[in-house]
Amino acid sequence: MRFVIRRLLLFAAALFGISVLVFAALRILPGDVAVVMAGTNATAARVAELRAEFGLDRPYPVQYLDWAAGLLHGDLGMSALTGRAVAAQVGRRAAITFPLIVMSLVVALAVGLPLGCAAVITRNPRLRGFFHVLAIAGGAVPALWSGLLLLLLFGRGVGLLGVLPSQGFPADGWTGAPGRAFASLVLPAFATGFVAAAGIMRYTRAALEDIAAEGGPVDMAMACGMTRTQALLRVGLRLATPQLVSVVGLTFASMITGVMVIENLFALPGLGALLVGDVGNRDLVAVQSELFLLAAFFLTLGLIIDLTHRALDPRLAAGEGE
Amino acid sequence: MSQENGAHGEAGATNGNESRNESRTTGAASTDAGLNARAKAPRGPKGHKSRGWLWSLIAVIVVAALVVGVNAFFTNKQGGDANGDGGASAAKTADTVAIGLKLAPVNLDIRHQSGSALEQILIGNVYESLVSRGSDNKVHPGLAKSWDVSKDGLTYTFHLNDHMNFSNGDTLDAEDVAWSINELKARKYYNYDQVANLDKAEAVDAHTVRITLSAPDSNMLWYLTGRPGLVYDKDATWDEKTGALGSGPYTVESFDPSDKIVFKANPKYWGAAHKAKTENVVIRFLPDDNAGINALKSGDVQVLSPITATLAVPFRDNPDYVVKAGDGSDKFVLAFNMTDAKLKDKRVRQAIRYAIDHRQIIASRGGVDAKLGGPIPKVDPGYEDLSGVYPHDAAKAKKLMKEAGYSEDHPLELTLTYANVYGSELGDQLKSQLKPIGVDLKIDYVEFSTWLQDVHTNGDYELSLVDHAESHDFYKWATPSYYYHYDNRQVRDLYAKALAATSDEEASDYLAKAARIVSEDAPADWLFSWRVTIAYAKGVHGFPQNLSQTVLPLWRITYEK
């Protein structure tokens, strides 16, 4: 319990730190929304007027408090440019990005886990070498390139087997055309999933190998009559789970930024496009809130991973009690 | 143990439920419960599981068969339809045309937000202006069917069309026109300064509007074709950032700056001449060049504008597509900061102009762009071909640099600041072209908003490169406070005379003279005039070839499948 409380306090402190950091970092950027809105025909007076209209002429601490107070009320603010609530914008984009991440993770796990296990189970040195090369080569492939290859293979209109949509997301979204929405995420999910699979494969192999080398439980299971494969899969994998949960959590987190490239390639209006666009337009209140949300999400993920760890591995809690 | 398992396996085959219960009881009865359970757990339900696999396999096959069957049926049906149509009449006109554009407006607030994408998409389609602009960049009748200008050029009288209304049904009359223009002035809406000479607008009667000027302005009518001339419904309010309410042939159905804007034909459109020919028009925003190409190839869009000239080559060779290049007002301006100590030396500026090989730059961009040589593009009044003022001449450039005290061994260091929307190869090309004459060009490749702040607003730069897309923007060379910092009395006088001129020819003459002086002074180099390449599927009609970056009348666009 004390661990949970301490962890939560740390979480709150980190959120505060992030809000200050995000705010400060964005003020370093040259230009602001008034300049962007006024464009290349603008006079200095016009820019100054717009600046006053957006409240950009106020001192930074005032601007920060204004924003942070909103955050405390759960109000992420309004985008100065689009005139829409930031929360609504993020929500709409997340409805594309998060399913995409989950689908990529499913692909990554479905490919990476079995291959990782196979790499440990097999005794054939050539096969082991092959798995090794696969893991390294797979990890070295940029998602952009795998995405392009997939497009050339399966993209409708451009690919050899034009079966899947290659660009964009149906306008009606998940409610209007769930099938088409799903189909439009398949290629991007595979593009990022394969690359992430290589990482998961590597970690699975390493974790399993460590546990097998340690002996102990795996040897014990074999002594009780399991074959090596059985022992590795049923006992070894169970012991490796906490480590794998961490890796999957980190993969999830890194995918939030990783899928941005793929979103661009497949012209998906996801979080990545939103963030890049808003930074480009110097819509700073929106960017602040978006970055803050992302950071909060990373932190929450870390929290969940930590807590899951302890649920999965009672030895951690016991060790702390002593 | 193996016997036991075998027995359970058989039992599972005949009676799954009972066998599992039985296995549990035997498991509990055994001495080592844990081990037993582990050994059996996967075994017990296995019979069940394998049947599950069988069922899912069957399900997958059935679904796959259904999908293939339905697909084949519909494909055949469509094929049949097409054949039937082919026999009966010519091609079928689609009720939706999708157009891919590169730049998206961030919002639809045309009264506040900058950007030519807004004008391109909304003017003439959703909003209409007092007078309209054609693809020839000339003034045509719009909401006003005709107009008279007084001899002194100070009073404009516009005669409006009859029975006009907005898309919400409200009547559009002289009151709305006068109100819109006076609001523009009072509230300083975007581009209000273009019509600085406009004093006031008043409704004489329901069909007549009189505009009074404080000084003659030969650009007035042309500016009224743009944002300053737009007429809004004074009795209506709407969310200006996410929607638009005008009197045009289309209404905005939905808008997402990251994806697309959907237009629907305005059922209450007042005019017969510009009535929409296609019910729905979807404009997709495709900032990525390759994404655009894919969308065109896969049929997601029927038109792509602009398409990178070098990427358009496969479409040129494909009979299913039409590729065209059109004239526009985009000028790629390499500006020299006239207040910078190094660039005050005219010889340096001239040397840079002589050193740049425009033919090479244009060729590397696909060979469709036009040489420019001066501040006025082909589509604007006052244009003349000034590309001969500083022809490519490396020897002359080197000589001038030598006179100024620089050589390849002792180079002049200059920094070029330009936005990353233009591609890094332009900067690299300039760097290598200027190196032999003794200019060491550093490239500062920044975000567009950084460029806006540092160069445009603060004027803090040495060399700058940007695409000035606006038409009729010569005033920038006659405004010393603009970031060019170009100040030439003669040019300012000529420009003032051009504005005061009461005939178009007279105005053009003055502008041409001023432009030549500007070019000779070399406050900038005009790298090229961007000719926009567009590609569309065969069957698309009515997409304008020229000026489509600013004037895009959608009402005439049709697509025959």
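Biologist: Why does A:Gly31 count as buried?

Modeller: A residue is called buried if 20 or more other C-beta atoms lie within 10 Å of its own, exposed if 12 or fewer, and partly exposed in between, with the C-beta atoms placed from the backbone. A:Gly31 counts as buried because its number of C-beta neighbours inside 10 Å is 23. Please keep in mind that this is a predicted model, in which local features need pLDDT of at least 70 and side-chain atom pairs count only at pLDDT 80 or more, while totals for chains, interfaces and linings use all residues. Residues are numbered from 1 along each chain as its sequence is written, and chains are lettered from A and ligands numbered from 1 in the order in which they are written. The value you asked about, then, is 23 C-beta neighbours.

Biologist: Which residues of chain B does A:Gly31 touch?

Modeller: Contact here means that the C-beta atoms of two residues, placed from the backbone, lie within 7 Å. Leaving aside residues up to four places away in sequence, A:Gly31 touches A:Val36 and A:Arg282, and from chain B it touches B:Ser449, B:Thr450, B:Leu452 and B:Gln453.

Biologist: Which element gives the most to the side of chain B that touches chain A?

Modeller: Helices (H or I, at least four residues) and strands (E, at least two) are DSSP runs, numbered from the N terminus. In total, 37 residues of chain B are in contact with 34 residues of chain A, and the elements that give two or more residues to this side of chain B are helix H8 (289-297) and helix H14 (448-457). The one that gives the most, with eight residues, is H14(B).

Biologist: In which order do the strands of the open sheet of four strands in chain B lie?

Modeller: Two strands pair if DSSP finds at least two bridges between them. The edge strands, each pairing on one side only, are S4 (144-149) and S8 (198-205) of chain B, while S5 (155-160) and S9 (208-213) of chain B pair in the antiparallel sense over five bridges. The pairing in this sheet is antiparallel, and the order is S4-S5-S9-S8.

Biologist: What is the bridge partner of B:Thr157 in S9(B)?

Modeller: Strand S9 of chain B, at residues 208-213, pairs with S5 of chain B, at residues 155-160. Within S9(B), the partner of B:Thr157 is B:Arg210.
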